[in-house]
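Colleague: I would like to learn how to read helix packing and ligand contacts. Can we go through an example together?

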Amino acid sequence: MSFDVNAVESEIAGTGFCGQIVHFSSIGSTNTVALEAAQAGARTGVWVADEQTAGRGRGGHQWYSKPGDGLYVSALVAPSLPMKSALLISLATGLAARQAIAETTELEADIRWPNDLLVHGRKCGGILVETSVAPPVTDEAEAMLRFAVIGVGINLNHERFPDEMARIATSLQVETGQAVSREKVLAALLRSLDRELIRLSTEPADRLLHRFEITSTWVRGKRVRVEEHGGYTGVTAGLNGSGFLLVNSDDGIRRTVLSGGVREQ
Ligand code: BTN
């Protein structure tokens with residue numbers, strides 16, 4: 001289960017992630033390591049592991065992190081962005097991960113808002129972005145992002161999943177019949193994430209929202225069940241200006257989904 005950090009480094013020359021990769025054979029959670037580094041003052045870094053013993057998912061879930069079969073990586077970044085852009089980092093990372101999957105397998109993954117990667121309706125990847133806010137300079141100043149830890153898990157070479165996940169999870173190998181190199185996917189991911197982060201700081205947010213909307217089949221016209229506010233059903237109706245999903249719920253109210261938990265109905 002070797003992992004060739006140098007091979008990845010040579011493919012990401014010129015990106016903001018070059019020279020930053022730290023590899024572990026086993027670790028609790030790469031996001032936790034990145035958060036600890038950020039608390040200690042780091043503002044950039046990439047941590048990748050063959051295995052996570054306490055991989056974390058969104059909503060307090062665990063992330064199944066079988067040794068050697070998946071990509072488990074966290075990037076620490078500190079773009080100069082207002083805190084209200086935090087969700088945009090999640091959406092941009094979803095686009096970057098989708099691009100990395102397309103480059104390395106030719107699979108066209110769908111993105112379930114905000115950032116679940118799906119192939120043929122099953123989840124092959126997930127993203128956990130954890131942010132910290134900088135203390136405001138004045139009372140009137142806009143709250144700015146201090147740093148963001150961007151955790152990405154992609155199921156690459158899993159041949160099967162535990163029974164409880166089997167119906168909802170897939171891997172790139174299951175979908176294509178071919179093994180995929182963790183190094184290639186990581187290099188493609190870091191290149192596309194680097195591009196997305198530059199665009200986030202230089203382009204108006206609506207460009208990203210538009211690109212997300214035309215990529216994800218979940219943003220408009222999808223009948224969904226939303227697991228918040230006690231649960232409700234409706235039809236997705238686009239994104240608001242901050243990137244939150246809008247749903248025309250069956251009781252006639254247009255609701256804004258804040259935390260995910262969106263499932264097809
Ligand atoms: C989700 O619930 O869909 C998000 C899953 C995110 C998993 C990745 S694996 C690398 C990083 N470290 C973690 O503990 N979680 C993220």
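Predicted model: local features only at pLDDT ≥ 70, side-chain atom pairs only at ≥ 80, totals over all residues.

Colleague: How are two packed helices described?

Modeller: Two packed helices are described by the angle between their axes and the distance between the axes. Take helix 3 (residues 86-105) and helix 5 (residues 182-202). They pack at an angle of about 140°, with their axes 8 Å apart. Angles over 145 degrees would count as roughly antiparallel. Helix 3 and helix 5 are therefore oblique to each other.

Colleague: Is the crossing of helix 3 and helix 5 left-handed or right-handed?

Modeller: Helix 3 passes helix 5 in a right-handed crossing. By class, this contact has twelve nonpolar, four polar and five charged residues.

Colleague: At what angle do the axes of helix 3 and helix 6 cross?

Modeller: Helix 6 covers residues 205-215. Its axis and that of helix 3 cross at roughly 50° and come within 10 Å. This pair is therefore oblique. Here the crossing is left-handed. Helix 3 brings Leu88, Leu91, Ala92, Leu95 and Arg98 to the contact. Helix 6 brings Ala205, Leu208, Leu209, Arg211, Phe212 and Thr215. Eight of these residues are nonpolar, one is polar and two are charged.

Colleague: Now the ligand. Which residues come nearest to it?

Modeller: Of the 20 residues around the ligand, Ser29, Gln52, Arg56, Arg58 and Lys123 come nearest. Next, look at atom pairs. A polar side-chain atom of Gln52 lies 2.9 Å from a ligand nitrogen atom. Arg58 places a backbone N or O atom 2.7 Å from a ligand oxygen atom. For Asn31, a backbone N or O atom lies 3.5 Å from a nitrogen atom of the ligand.

Technical notes: Residues numbered from 1 in each chain as written. Heavy atoms only, no water. Axes fitted to C-alpha atoms, helices over the stretch in contact; angles between N-to-C directions. Helix = DSSP H or I, 4+ residues; strand = E, 2+ residues; numbered from the N terminus. Parallel < 35°, antiparallel > 145°, perpendicular 65-115°, else oblique. Left-handed = near helix turned anticlockwise from the far one by under 90°. Nonpolar A, V, L, I, M, F, W, Y, C, P; charged D, E, K, R; others polar. Near = heavy atom within 4 Å. Polar contact = N/O pair within 3.5 Å; in protein donor to acceptor, adjacent residues only side chain to side chain. Contact = heavy atoms within 4.5 Å.
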